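I opened this notebook to keep track of what I looked up, one topic at a time.

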Amino acid sequence: MLALAWRNIWRQTRRSLITVSAMAFGAAICMPMMAFMDGMFATMFDVAVTQQIGHVRVEHPSYSETNSMFDTLPNASETLKQLETLPETSAVTWRVHGAGLLGSDQKSTGAMIAGIDPVRESTFTSVDAMLESGRWLSKPNDIMLGHGLAEELNADLGSEVVIMTQASDGSIGAGTYTVTGVVRSGNAMRDKQGVWMSLSDVQELLFLEDQVHELVLLANGGRSGVDALRTSVDQTVGDDWRVRSWYEANPTMAEMLKLGQQQSSFMLVIIFFLAGFGVLNTMLMSVFERTRELGVMMALGTRPRQVVKLILLEGFLLSVLGAMAGAAMGGALDYYLCTHGLNLGYGDFEMNGVVFPNRLKGVFHPSQAISVVVSMMVISVLAAVWPAWRASRLEPVAAMRAD
Amino acid sequence: MFSLISMAGRNLLRNARRTGITVLGISLGLALCQTVYNLNLGNYNSMLDSGIRGASGHVVIQHAQWLDDPEIEHVVNDSTAIRDQLKADNPDALVTRRVLAGGLVTSPTNAVTVAVMGVDPEPEAELSRAARNVVDGEWLKPDDKRGLMLGDTLAKRLGVGVKSRIVVMAPNPEDPSESTSLLFRVRGIFHSGVEVLDNFSVMVSVKGAQPLLIGTDPAHQIAVIYDTDAQTQQGVAKAKTMDVGEAAVLSWKEALPDLQAFIEVDTRTNEIFFMVLGFIVVLGVINTMLMSVLERVREFGVMMALGMRPKTLAGLVLLEGGLLGLASALVGTALGALFTYPLATTGLDFSEAMGETMMVDGVAMDSLMFAQYAPDRMAIYASAAIAMTVLASAWPAFRVTRMRPIQAIQHQ
């Protein structure tokens, strides 16, 4: 029956080819569009979650509301050691946050201070991608500035800056630091106002010995391991501290990712719905053309059910051809998009605090290709249902007399 | 000619089901494009509106370098005089001044880096999201030199309430390597729904913020906001002739280049998507028309044998395509208008995914989006649908001109 269906679709080569190319074209466009959207969401996730929130985070119960310097986690190094041994985690880091007045020899301005562990932090973010110029923190009194801040202060690499702030004991904390790097993190606010210093320097400046504001963890196995990690962190640190997964800490981001998925599916359905009309028309025509032939087949003993199967099989074969051609073209476009990226010409485009690079690269997941191919097949087989049903209802005698 | 049209119409109805499916396919595609455009138009307009009210103005006077380099020393001097002249020129419009500085706000429990925004309280009461959403205390009084407004999140972080005293530390304008401290009193707390406002900004009067600037009666922007397009056009033309020394007079189009670029690129991206949809639909139309021609080879042969010119027959096929397109354009536009209706009245709520407001290129907009009917675009897309259908009939029509009557009549 497969052979029969195959021969049938090639009886009208041109018609079949046009139908197949409509489907293939749809698939070839859907794949890069999905890759592009996934690329956008990957950038957002990277900036907002991986770099900042982490997959799972531990903090003082009121820190997220107050952001107060005093809401710290004491005895941080002990907890860090415990968390590090958890099998569910792939990386742990700790940070101290503060604010102060930052001055170069010409100017001064307010700055957000992040005290980071240079070695641990580098497993959370790509150091090379983040550094616009200079080098990563390595020595005491090193400081990195967001590129907007560096520009505002006219602070070049190697120049000295002074930080003045209120320390936790009420005294004025001050220190002199050497600019070693300029950072472009993608976080709009931090790039404009942020400085990065080593954890120990900031602890000293703010008088917060062995205290941190957040402990941030990445899950083994990426996003799918988040829930397991959260449970096990919860058990480790006890009730005094607040443990949250990234989607609890930033529900808006979680919703946005979900919305993005829905948008992709919606687009897919629209495109294949329209392509489905083509399949419907083609199959309907091909059934009408063959009324006599189908009548003869049924008169010779072919069951209506087998006729249905034959027509559905023809629709299926069309979709397989469309899927293969589409996946091949889409794959080629995907490859270009994922390696070269696409310049939209926005310049650096900022949305909800995330700065997207000028040339945005797509991200390819096999699931994109699979969902494109599967939805195309489902829709074109569905489009063949009505013609198949009509064919099965033919009366052999009347059908043979049709012209 | 008329008989040809009625013939084309009758031909289409001979296979009513096939024609119906094709019309449905085209019109759904068309309706979708129109609806998406209408939704985007509503979006773009609300974005521009927020941008104009919050960041520029229909007319804005600012330092010539402010646009590229919004540094604190890029001020416009004698801002009150300029504002008063603009007010006199535009009695119906809102005229406001803005100052944008940075500083460190300290309270007994915390220190936070903030943007210090100086505004004219009176006009800003109508313009700013913050002024319209005061949750505690009240909005600044005109010329209140010591009053300060802040967002609810920031208030919580600083542990302050209405009537609390707040110190803003900022660079000393005379000598930026030194710092200066200004004392303010909290007059009110707002919840604007915009994260940067609620969390990282304080608002004071222009008078209150001027000690952070250098110059004589300085401000960063003096903006005019009109009610209608006609007022805007007149106002821009008139303001452009004003003598404001070294400062620049910009229209909203010039003052918001990033937003304009975003809208342009977004429109272009969507049009590519529309073209893809169109192409898929066109392939379906080609198939339909081709089949309908191939079915009628004998009929065309007979007509040619009876003296019809091949050209006339090709015209007939194109006409069939045109009628098909026309029907689809009408049905599609009706559907497009129908789909747009709920989006224009109840709107589309993105607040779960975007928060209360969303920030695009520094402009805050509501995450409840409303579509806006764009009759001109809907007409353009409808005409494009007709044109594409006619174009899709070109190949089948061309095939008709190549038929030879004798073979055609003998065709099975």
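**Entry 1: the model**

I noted at the start that this is a predicted model.

**Entry 2: where the chains touch**

I began with the contact between the two chains. On the chain B side 60 residues take part, and they touch 60 residues of chain A. I then looked up the area. The size of an interface is often given as the accessible area lost when the parts come together. Between chain B and chain A about 5000 Å² is buried, and carbon and sulfur atoms give 68% of that. Which three residues supply more than any other three of the area that chain B buries against chain A? I found R17(B), I21(B) and I280(B), which together supply 12%.

Next I checked the polar side of this interface. Eight residue pairs are in polar contact between chain B and chain A, with both residues at pLDDT 80 or more. I sorted the chain B side by class and got 33 nonpolar, 15 polar and twelve charged residues. The count of salt bridges between chain B and chain A is two. I looked at K107(A) and E73(B), which form a salt bridge with their closest N and O atoms 4.0 Å apart. I also asked which element of chain B gives the most to the side that touches chain A.

**Entry 3: salt bridges within a chain**

Side chains of opposite charge can pair when their charged atoms come close.

E214(A) is in strand 9 of chain A (residues 214-219) and R57(A) in strand 1 (residues 56-59), so I wrote down a link between distant parts of the chain, 157 residues apart. Are these two buried or exposed? Both E214(A) and R57(A) are buried. They also belong to a network of salt bridges, in which they are linked with E59(A), R95(A), E121(A) and R244(A).

The side chains of E132(A) and R184(A) also meet in a salt bridge, at 2.5 Å from N to O. Here E132(A) sits in strand 4 of chain A (residues 131-134), while R184(A) sits in the loop between strand 7 (172-183) and helix 8 (188-193), 52 residues apart. E132(A) counts as partly exposed because its relative accessibility is 40%. R184(A) is partly exposed as well, because its relative accessible area is 35%.

For chain B I took E271(B) and R377(B), whose closest N and O atoms are 2.7 Å apart in a salt bridge. E271(B) belongs to helix 11 and R377(B) to helix 15 (residues 375-392) of chain B, 106 residues apart. E271(B) counts as partly exposed because it has 27% relative accessibility. R377(B) counts as partly exposed at 24%.

**Entry 4: R18(B)**

I found R18(B) in helix 2 of chain B, residues 16-54. Why does R18(B) count as buried? Its relative accessible area is 6%, and buried means under 20%. The side chain of R18(B) makes a polar contact of 2.9 Å with the side chain of E295(B). Leaving aside its neighbours within four places in sequence, R18(B) is in contact with residues of both chains, including N281(A), M285(A), T288(B) and M291(B).

**Entry 5: strands 12 and 13 of chain B**

In a regular strand the side chains alternate between the two faces of the sheet. In strand 12 of chain B (residues 357-360), T357(B) and M359(B) lie on one side and M358(B) and V360(B) on the other, and all are buried. Strand 12 pairs with strand 13 of chain B (residues 363-366) in the antiparallel sense, over four bridges. Opposite M359(B) I found A364(B), in strand 13.

**Entry 6: positive phi**

Most residues other than glycine have a negative phi. I noted N75(A), where phi is positive, near 50°. N75(A) is in the loop between helix 3 (63-66) and helix 4 (76-84) of chain A. I also noted K163(B), with a positive phi near 80°. K163(B) is in the loop between helix 6 (152-158) and strand 6 (165-171) of chain B. K163(B) counts as exposed because its relative accessible area is 63%.

Methods:
Residues numbered from 1 in each chain as written. Chains lettered and ligands numbered in written order. Predicted model: local features only at pLDDT ≥ 70, side-chain atom pairs only at ≥ 80, totals over all residues. Heavy atoms only, no water. Buried < 20%, exposed > 50% of the residue type's maximum accessible area, 1.4 Å probe, protein only. Helix = DSSP H or I, 4+ residues; strand = E, 2+ residues; numbered from the N terminus. Pairing = 2+ DSSP bridges. Contact = heavy atoms within 4.5 Å. Buried area = accessible area lost by both parts, 1.4 Å probe. Polar contact = N/O pair within 3.5 Å; in protein donor to acceptor, adjacent residues only side chain to side chain. Nonpolar A, V, L, I, M, F, W, Y, C, P; charged D, E, K, R; others polar.
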